[in-house]
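Here's a quick briefing to read alongside the model. Have the sequence and the 3D view open as you go.

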Amino acid sequence: MALEDEFRKQGEWLFRWRSFLPLILIPLIGLALWQLNTEKFDKWDHSWDYFCLGISFLGLIVRVVTIGFVPEHTSGRNTKEQIANQVNTTGLYSIVRHPLYLGNFLIGFGVSLVQSVWWLPVIYVLTFWLYYERIMFAEEAFLQQKFGETYERWAAATPAFFPRFNQWRKPLLPFSWINVLRREYSAMMLLILCHAGQEFFERLITDHRVVWEVFWATLLFSGLGSYFVLRWINRNTRLLRVPGR
């Protein structure tokens, strides 16, 4: 099998399982927590935790800005097969070809930095690169085959992962918060669980008791409440359905 065909085949398989990549971090985070040096745990760790949370929220913002402008049957969460009714070339897609994966990277990178161990973000970056490189390859092969020259012109001018901000083009559609709420409540909950969970276990290890700080408790329970409400609305009503989105 040619290397190109092998990359595409691997990418198509990984595409179906891409939602489970964050699970790879769980045992590594557990190992980092096990190695936690309680003697060096001080007030600066709280500032560092907020900084890492900010990086992850930046990734969520990238996803929100992307999803808020895209039309129906593009940039979806489908896992069984590639779906695209058109090539998105405006908004964030005018400055980077894979803005959702850029957002995913920042969310996970913020999570990997929390424990302040050098090897965890390094492993995360390498794993993300090997994992998503093949997914991107498979997606681009699909788009090239379906849209031909239209896709090739856009891809030639637009970087794959590192944005080129001077190429920004205004989105064709107005921003839709309803579409964002329908499609991004799971990503928001995963982000909150990863950060609040690490904070909870850090304090359990350092203080030898359960400690609920106001900020993290508020973030966690408000996030949980929003998640279950939005999940119920999405599954049982059409309130979060937007025509053409």
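**Helix packing at a glance**

Let's start with handedness: H4 and H5 cross in a right-handed way. Keep in mind that this is a predicted model.

**H4 against H5**

- Helix H4 covers residues 99–113 and helix H5 covers residues 119–147; their axes come within 10 Å and cross at roughly 165°.
- Angles over 145 degrees count as roughly antiparallel, so H4 and H5 are roughly antiparallel to each other.
- On the H4 side, the contact is made by Tyr-101, Asn-104, Phe-105, Gly-108, Phe-109, Ser-112 and Leu-113.
- H5 answers with Leu-120, Pro-121, Tyr-124, Val-125, Phe-128, Tyr-132, Ile-135, Met-136 and Glu-139.
- Sorted by class, the residues of this H4–H5 contact come out as 12 nonpolar, 3 polar and 1 charged.

**H3 against H8**

- For helix H3 (residues 44–67) and helix H8 (residues 214–236), the axes come within 13 Å, and the crossing angle is roughly 25°.
- The cut-off for roughly parallel is under 35 degrees, so H3 is roughly parallel to H8.
- This time the crossing, H3 with H8, is left-handed.
- H3 brings Asp-49, Tyr-50, Leu-53 and Phe-57 to the contact, while H8 brings Phe-215, Trp-216 and Leu-219.
- The class tally for H3 with H8 is 6 nonpolar, no polar and 1 charged.

**The fold as a whole**

- How many helices and strands does the chain have? There are 8 helices and 0 strands.
- Going along the sequence, you get the pattern α-α-α-α-α-α-α-α.
- The chain has 245 residues, and buried ones make up 47% of them.
- If you take the contacts between residues at least 6 apart in sequence, 83% of them join residues at least 24 apart.

**Cysteines**

- Counting pairs of cysteine sulfur atoms within 2.5 Å as disulfides, the tally comes to 0 disulfides.
- Is Cys-52 buried or exposed? Cys-52 has a relative accessible area of 0%, so this residue is buried.
- Cys-194, at 24% relative accessibility, counts as partly exposed, because the buried class stops at under 20% and the exposed class begins over 50%.

Key: Residues numbered from 1 in each chain as written. Predicted model: local features only at pLDDT ≥ 70, side-chain atom pairs only at ≥ 80, totals over all residues. Heavy atoms only, no water. Axes fitted to C-alpha atoms, helices over the stretch in contact; angles between N-to-C directions. Helix = DSSP H or I, 4+ residues; strand = E, 2+ residues; numbered from the N terminus. Parallel < 35°, antiparallel > 145°, perpendicular 65-115°, else oblique. Left-handed = near helix turned anticlockwise from the far one by under 90°. Contact = heavy atoms within 4.5 Å. Nonpolar A, V, L, I, M, F, W, Y, C, P; charged D, E, K, R; others polar. Buried < 20%, exposed > 50% of the residue type's maximum accessible area, 1.4 Å probe, protein only.
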